[in-house]
Amino acid sequence: MAAAKRYYLTTPIYYVNDAPHIGHAYTSLACDALARFKRLDGFEVKFLTGTDEHGQKVAKAAEAAGVDPQTHTDRVSQHFRDLSPVMNYSNDDFIRTTEPRHARACQELWKRMKANGHIYLGRFAGWYAVRDEAFYDESELVDGKAPTGAEVEWFEEENYFFDLSKWQQPLLDFYEANPRFLAPRTRRNEIVSFVSSGLRDLSISRTSFKWGVPVPDDPKHIMYVWIDALTNYMSAAGFPEESGDYARFWPADLHMVGKDIIRFHTVYWPAFLMAAGLTPPKRVFAHGWWTNEGQKMSKSLNNFITPQDLIGRYGLDPVRYFLLRELPFGQDGNFSHQAMIRRINTDLANDLGNLAQRVLTQINRNCEAKVPQAGALTEADDRLLAAAHGMLARVRAEYDEQQFHRALEAEWEVVGAANRYVDEQAPWALKKTDPARMATALYVLAETIRHLALLAQPVMPQSSARMLDLLAVPEVARSFAALGPSGALKAGTPLPKPEGIFPRHVEDGPAAKAGG
Ligand code: MSP
């Protein structure tokens with residue numbers, strides 16, 4: 001029997017200090033598109049997201065809200081859980097770091113690192129930024145602040161340490177042996193040079209506050225929040241249970257992260273795992289950050305864009321499409337309403353929407369609302385069908401590199417080719433003169449639209465489903481196994497009445513008054 005194809009991917013777990021904004025939604029959306037792609041491509045997928053509920057930052061946010069940390073985290077975590085139906089995420093699990101399954105995994109990981117001699121008790125004195133939950137060297141400070149701009153405080157206490165300094169060479173060897181581990185390339189270079197410049201042992205426990213997972217055999221200490229947080233990826237797989245998901249899904253195929261947390265995922269995390277005798281994940285991809293109309297989104301500017309705002313204004317699938325199409329994945333970029341409207345009206349309404357609408361309306365009118373019968377194919381027919389059939393290989397390669405914008409670009413090349421074909425073939429003009437040729441051209445177009453709709457499913461699940469409904473493609477024929485000639489539409493299949501799927505965004509409508 002062929003080995004099962006499995007794919008385990010994770011979002012970062014979100015701090016429960018605020019409501020989700022578009023930056024958070026973006027990380028999870030990219031994972032959702034990839035998870036859906038892999039399922040459609042025949043993989044058994046585990047797609048994990050969740051919330052990061054311990055640490056000083058969360059304890060302080062709870063204090064500011066005037067509630068105990070558990071009440072606070074219960075409340076805020078729910079906002080992140082509620083985002084799944086709003087954004088149509090297909091996550092298989094949602095982990096909270098306050099769950100017992102998580103404490104168990106953290107303690108087991110700690111015990112294994114300790115048993116292997118990588119944890120020792122010492123005294124820490126240095127600078128700590130609560131906002132980043134990270135330590136900084138005196139030499140790293142800029143005008144008395146962390147290089148990220150976060151406030152730092154002097155911090156001195158007895159701590160457990162992890163012997164990170166010993167992991168410089170093993171990490172460099174690991175990066176060398178696993179060229180796909182860290183992407184994109186610029187980030188990889190950054191991390192390799194950071195590690196090459198030397199690593200210091202890392203303080204990994206706290207005694208000054210209590211909101212965390214207790215250290216095994218020394219419960220006056222709690223674990224440093226990043227050991228706790230990173231371990232979520234294993235606790236959700238059932239670690240340390242050797243059976244079940246852990247055996248089937250570890251090591252994870254992909255941790256998707258924002259560029260700000262790459263050091264934790266590509267330096268600390270593989271070092272912790274190797275120290276415990278466990279296998280590091282296969283890949284970490286760091287994406288860029290969104291700004292809002294040119295400005296960083298921040299509390300002080302009060303300019304966070306929420307997913308709910310955007311969806312209310314533009315609709316869910318257009319928002320999903322825009323976020324993944326507009327920015328080269330991995331780079332920073334700017335959100336603007338103008339760009340959003342341009343994508344909706346051009347790519348979706350004019351290009352794909354109009355193609356489907358024109359073709360389906362003609363089939364409805366001129367082919368008795370049934371899938372037309374194709375005759376002999378011309379060179380132009382073969383060319384368009386070959387482009388449609390060739391999409392999967394290209395798109396798959398882009399998804400495997402997390403280049404979502406390029407995958408969509410490849411699909412829209414075929415949209416463009418199909419629109420040119422409609423203009424050249426002008427099937428509506430053949431109704432009287434050559435109805436057989438008209439039927440063939442419309443068939444070729446319907447087949448092309450079927451391919452486009454199947455491949456658009458990961459990014460626009462609802463709109464693609466409606467397109468497939470209009471082509472009467474049954475549920476069982478919607479995976480990528482149905483791409484290509486084997487799943488071709490059958491002549492004579494009755495089709496429902498066509499309807500528009502991607503309306504234009506009309507700027508003088510009530511929605512546009514909100515600005516834009
Ligand atoms: N709790 C940690 C992660 C622990 S993972 C073991 C954390 N949480 S966070 O809520 O601050 O950030 C979660 C993710 O949202 C990060 O990947 C971050 O990069 C992403 N984003 C936050 N703001 C963003 C933008 N403005 N744009 C794009 N992504 C952004 O870090």
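The ligand in this structure is surrounded by 24 residues, and the closest are Ile13, Asp52, Gly258, Asp260 and Trp290. The model is a predicted one.

**Around the ligand**

- Trp290, one of the closest residues to the ligand, has a polar backbone atom 3.0 Å from a nitrogen atom of the ligand.
- Trp289 uses its side chain: a polar atom there is 3.1 Å from an oxygen atom of the ligand.
- Tyr15 has a polar backbone atom that lies 3.2 Å from an oxygen atom of the ligand.

**Asp317**

- Asp317 is part of helix H12, which covers residues 316-326.
- Asp317 is buried but forms no salt bridge.
- Arg320 is the nearest side chain of opposite charge, at 4.4 Å from Asp317, while a salt bridge requires the atoms to be within 4 Å.
- The side chain of Asp317 does reach a backbone atom, the nitrogen of Ser463, at 2.7 Å.
- Apart from neighbours within four places in sequence, Asp317 is in contact with Val459, Met460, Pro461, Gln462 and Ser463.

**Cysteines**

- The whole structure contains zero disulfides.
- Cys31 has 0% relative accessibility, so Cys31 counts as buried.
- Cys367 also counts as buried, because its relative accessibility is 11% and the cut-off for buried is under 20%.

How values were computed. Residues numbered from 1 in each chain as written. Predicted model: local features only at pLDDT ≥ 70, side-chain atom pairs only at ≥ 80, totals over all residues. Heavy atoms only, no water. Disulfide = S-S within 2.5 Å. Buried < 20%, exposed > 50% of the residue type's maximum accessible area, 1.4 Å probe, protein only. Helix = DSSP H or I, 4+ residues; strand = E, 2+ residues; numbered from the N terminus. Lys, Arg positive; Asp, Glu negative; His and termini not counted. Polar contact = N/O pair within 3.5 Å; in protein donor to acceptor, adjacent residues only side chain to side chain. Contact = heavy atoms within 4.5 Å. Near = heavy atom within 4 Å.
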